[in-house]
Amino acid sequence: MKYADYYAALGVERGASADEIKKAYRRLAQKHHPDVSKEEGAEARFKEIAEAYQTLKDPEKRAAYDALGSRPQGEEFRPPPDWSRQHGGAGADAGSAQFSFDDADFADLFSRFGARNGALAGEDFEVPVEISIEDAFRGTTLSLSLSMPEYDASGRVRRVPHTVKARVAPGAVDGQRLRLPGKGGKGRQGGRDGDLYLDITLKPHRLYRATGHDLFLDLPLAPWEAALGATVEVPTLSGLVSLKVPAGTSAAKKLRLAGRGLPKPRGGAGDLIAVAQIVVPGELGERERELYQQLAEISEFNPRRHFAAEGT
Amino acid sequence: MNIEAEVLWLDEHREVSLRELIDLSGLREAELLELVHSGVIAANDRPGVGYHFSARVITVARTACRLRDDFELDTRGLSVALRLLERVRTLEEEISRLRAELPR
């Protein structure tokens, strides 16, 4: 296992008072708590801070932690042979070399402190999961690789890899939460197993932008298609469909294809909304230029007529 | 170990009882009821059946429990924090929708 410097995590000296530790935790928690901060890595940073505080705020755990000595953060580490017996941490009942610290995390060393007798519910876990818009449309089976703590009868902990397969039916949207009952940490002494919560987000897509069950799609149109109207083919998640673009379509006009968005779990579907964009050729051929010039000469259309009302 | 999991959607089509919500969130009954009475957690109060909640609320109640533990907040503090988080969530959804409408 790798040594974790809890004092460094909280930014305090090793001799810090309980009050200094509490203040440091509160200041850092307000900054990095995943329910408050959207900074990248906030969740991992908060986990370090919370883990450090859970140990250092408790005098018994802090004494046991201090007895491990001071080492550089992340250094490969094994507790001294008599540490568990003296301090009652994980492995205290091991009594032999059978207990392997290699299967445990550093924080697991302190997991037995304060453990009470009686049923203990397993830990719940929350896992962010990114799926594609196509998977949200068709449904998908997720295969989640997780490392979960498991305890034996004497409370010794080890990390056990699990693969959890979960079928996500069509219709998930960004922010959808799913609960997998009993697939979290194992309960102890008759306690129920914890749950696994999945927090679904949709990956950015090359064409579509999802909001709820609706999908937005940029629809590039040539100037003559926008002016004269046209029937164009539009890609949807279930294949190409024809869309009638009415004559006189301006840029940013929204054309709705009802029911062509993401399916809803209990039936129905959102819409696909094509947002018109007028696109002009980067370079004009000679004949094209002539025709545009003729159009410019004969047309009375003034797209900036409303500027005149300002009186300049 | 390979496990095929049951998947429950936390949406408005599924309901949980007060007891279930307490078990799933880790909040105490008195805390949960105070959050219901302050309007932060929406509940259906059915005569003879008692409080029932949309499964969507499980996430809110679990957040409340996390904030209580991590910041040592009382229910009044939780109530304010949850209202602000809900406002942030609503605004983020609105921004996301407006961004989706903008051409790339």
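# Briefing: a predicted two-chain model

In helix H4 (residues 59–66) of chain A, the residues Lys61(A), Ala64(A) and Tyr65(A) are buried; a residue is buried if 20 or more other C-beta atoms lie within 10 Å of its own, exposed if 12 or fewer, and partly exposed in between, with C-beta atoms placed from the backbone. Seen down the axis of H4(A), these buried residues fall within an arc of 100°, so they line one face of the helix; the arc is that of the directions from the helix axis to the C-beta atoms. The model is predicted: local features need pLDDT of at least 70, side-chain atom pairs count only at pLDDT 80 or more, and totals for chains, interfaces and linings use all residues. Residues are numbered from 1 along each chain as its sequence is written, while chains are lettered from A and ligands numbered from 1 in the order in which they are written.

**Helix H4 of chain A**

- On the other side of H4(A), Pro59(A) and Ala63(A) are exposed.
- The buried residues of H4(A) pack against helix H1 (6–10), helix H3 (42–56) and H5 of chain A.
- Helices (H or I, at least four residues) and strands (E, at least two) are DSSP runs, numbered from the N terminus.

**Confidence in chain A**

- Chain A has an average pLDDT of 89, and 91% of its residues score at least 70; pLDDT is the predictor's confidence in each residue, from 0 to 100.
- Over residues 92–98 of chain A, pLDDT stays under 50, and the model has nine contacts beyond four places in sequence for them; two residues are in contact if their C-beta atoms, placed from the backbone, lie within 7 Å.

**Contact between chains A and B**

- Chain A contributes 26 residues to the contact and chain B contributes 24 residues.
- On the side of chain A that touches chain B, two or more residues come from each of strand S3 (157–168), strand S4 (177–180), strand S6 (208–211), strand S7 (214–221) and strand S11 (272–278) of chain A.
- S3(A) gives the most to this side, with seven residues.
- By class, the side of chain A that touches chain B holds 12 nonpolar, five polar and nine charged residues; Ala, Val, Leu, Ile, Met, Phe, Trp, Tyr, Cys and Pro count as nonpolar, Asp, Glu, Lys and Arg as charged, and the others, Gly among them, as polar.

- An open sheet of four strands has the order S1(A)-S5(A)-S4(A)-S2(B), with mixed pairing; two strands pair if DSSP finds at least two bridges between them.
- Strand S1 (125–131) of chain A and S2 of chain B stand at the edges, each with a single partner strand, so one side of each is left without a neighbour in the sheet.
- S4(A) pairs with strand S2 (residues 8–9) of chain B in the antiparallel sense over two bridges, and Arg179(A) stands opposite Leu8(B).
- S4(A) is also joined by four bridges to strand S5 (residues 196–202) of chain A, and these two run antiparallel; Leu178(A) has Leu198(A) as its bridge partner.

**Hairpins**

- In chain A, S8(A) and strand S9 (residues 239–245) run antiparallel and are joined by seven bridges, with a hairpin of two residues between them.
- In chain B, strand S4 (residues 44–46) is joined to S5(B) by three bridges in the antiparallel sense.
- The hairpin of S4(B) and S5(B) has three residues between the strands, and Gly48(B) takes a positive phi near 80° there.
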